[in-house]
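Subject: Handing over a structure

Dear colleague,

I am passing this structure on to you, with the sequence and the model placed just below. After it you will find notes on what turned up, written for someone who has not seen it before.

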Amino acid sequence: MFAAPGNPGAAEVAECRESADYVELAEHLGVDLTVVGPEVPLVAGIVDRFRARNLAIIGPTAENAALEGSKIHSKRFMENLGIPTARFQIVSKPGEVPRDFRYPVVLKTDGLAAGKGVVIAANRAEVDTALATLPFPLVIEEFLEGEEVSFIVLCDGKRAVSLEPSQDHKRIFDLDEGPNTGGMGAYSDSRILAETERAAIMDAIIEPVVRATGYTGFLYAGLMMTPAGPSVLEFNVRLGDPETQPLMMRLQSDWGEVLMAAARGSLNCDALDWSPDPATCVVMSAEGYPGAVRSGDKISGLESVNSAIVFQAGTKRQGAHLVTAGGRVLGVTASGPDLESSIGAAYAAVGKIHFEGMHYRKDIGAKGLRRYNNLDRARSSVG
């Protein structure tokens, strides 16, 4: 297995390579299958280039990657297909901001913004402040109430198979306060969605996209489960971070075989094999994130972690030391027989790790835990 460019964490399980041309690198290494992680090369057309050279790859074409690459394209696409999403308007200059939206409203940068191009404005003054910094054109849409869910599927151009549901925690601070980030943690628990809800999402959201586009690769639907049903907040065209970490902790199927089948257009749509144990990922970020961050701080304690997997993100080697080299530094992930156990195991591992300026949320999974405990109490009282 190879990773390009990789990082010190990837180097523990793969051979890391630097290259200015991933197509040339894949041909040189003779790889059987390439899986694309980040959105930027997908939007730039890396899948089209690989396929032009008959190289197997997991991901959407540049045309389909525009579902993430342009919020304007994505909203118009959903409107044309009748996919449920928030009412919206495209704004090309400040004077066009509509006045018939009820506050709060959501402003979204049109292009890629690493998960940070969203502003929730509580009043017109906050809208004006956001407009002074956000680039035009942009999307303004109604604010939806409900529970957020990350619903990810793998597609082979004709079929889609769903992964287990998960829930991301976007805001930088506890209790969902502060600015949006690329994700401060996530948990996966089968109870997030009922089977009827999963079926409704596949029928009303996922399958129309696959039929209309011949979509290949991962399709991530960021959903709001409203009283009227699921509504799409955004599409991503890749596995989510940090949702993937707990998902991979739970997956029991041979992932390589599944990915190869998807690349060959022969995906078996029988459900993947999942552990019933929930999993939780806590992101440890550098000082200043999601703004300008400092780097080069020594990371210690990883060798003491034995009850979790520490996925490295913003790290690098500096001499004999592992140091910070990005905003989101580590994704500390653990599973357990129940959600509470998985949360406890993840935070126990976090407690063994240290670097100067580190920050992490203390409430990853807490909202889900309260929800399921309330459901259990309600069932007990009915019984």
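Let me begin with a sheet: 4 strands form an open sheet in the order 5-8-6-7, with antiparallel pairing, where strands (E, at least two residues) and helices (H or I, at least four) are DSSP runs numbered from the N terminus, and two strands pair if DSSP finds at least two bridges between them. Its edge strands, each pairing on one side only, are strand 5 (88-91) and strand 7 (118-121), and the twist from one strand to the next averages 20 degrees. Please bear in mind that this is a predicted model, in which local features need pLDDT of at least 70 and side-chain atom pairs count only at pLDDT 80 or more, while totals for chains, interfaces and linings use all residues. Residues are numbered from 1 along each chain as its sequence is written, and side-chain values use heavy atoms, with hydrogens and water left out.

Within the sheet, strand 5 pairs with strand 8 (residues 138-142) in the antiparallel sense over 4 bridges, and phenylalanine 88 has glutamate 141 of strand 8 as its bridge partner. Helix 5 (residues 71-81) lies across strand 5, strand 6 (105-109) and strand 8, and runs at about 145 degrees to strand 5; here axes are lines fitted to C-alpha atoms, for helices over the stretch in contact (heavy atoms within 4.5 Å), and angles run from 0 to 180 degrees between N-to-C directions.

Leaving aside neighbours within four places in sequence, isoleucine 205 is in contact with residues including Ile83, Pro84, Val232 and Phe235.

Helix 1 (residues 22-29) has Val23, Leu25 and Ala26 as its buried residues. Seen down the helix axis, they fall within an arc of 160 degrees, so they line one face of helix 1, the arc being that of the directions from the axis to the C-beta atoms. These buried residues pack against strand 3 (34-35) and helix 3 (46-52).

Which cysteine sulfur is closest to that of cysteine 281? It is the one in cysteine 16, at 19 Å, too far for a bond, and the structure holds 0 disulfides (pairs of cysteine sulfur atoms within 2.5 Å). Cysteine 281 is buried at 0% relative accessibility, and cysteine 155 is buried at 1%.

Lastly, some backbone details. A cis peptide bond joins alanine 4 and proline 5, with omega about -5 degrees, and the bond from aspartate 241 to proline 242 is also cis, with omega near 25 degrees. Asparagine 54, in the loop between helix 3 and strand 4 (57-58), has a positive phi near 60 degrees although it is not a glycine, and is exposed at 74% relative accessibility.

Key
Buried < 20%, exposed > 50% of the residue type's maximum accessible area, 1.4 Å probe, protein only.
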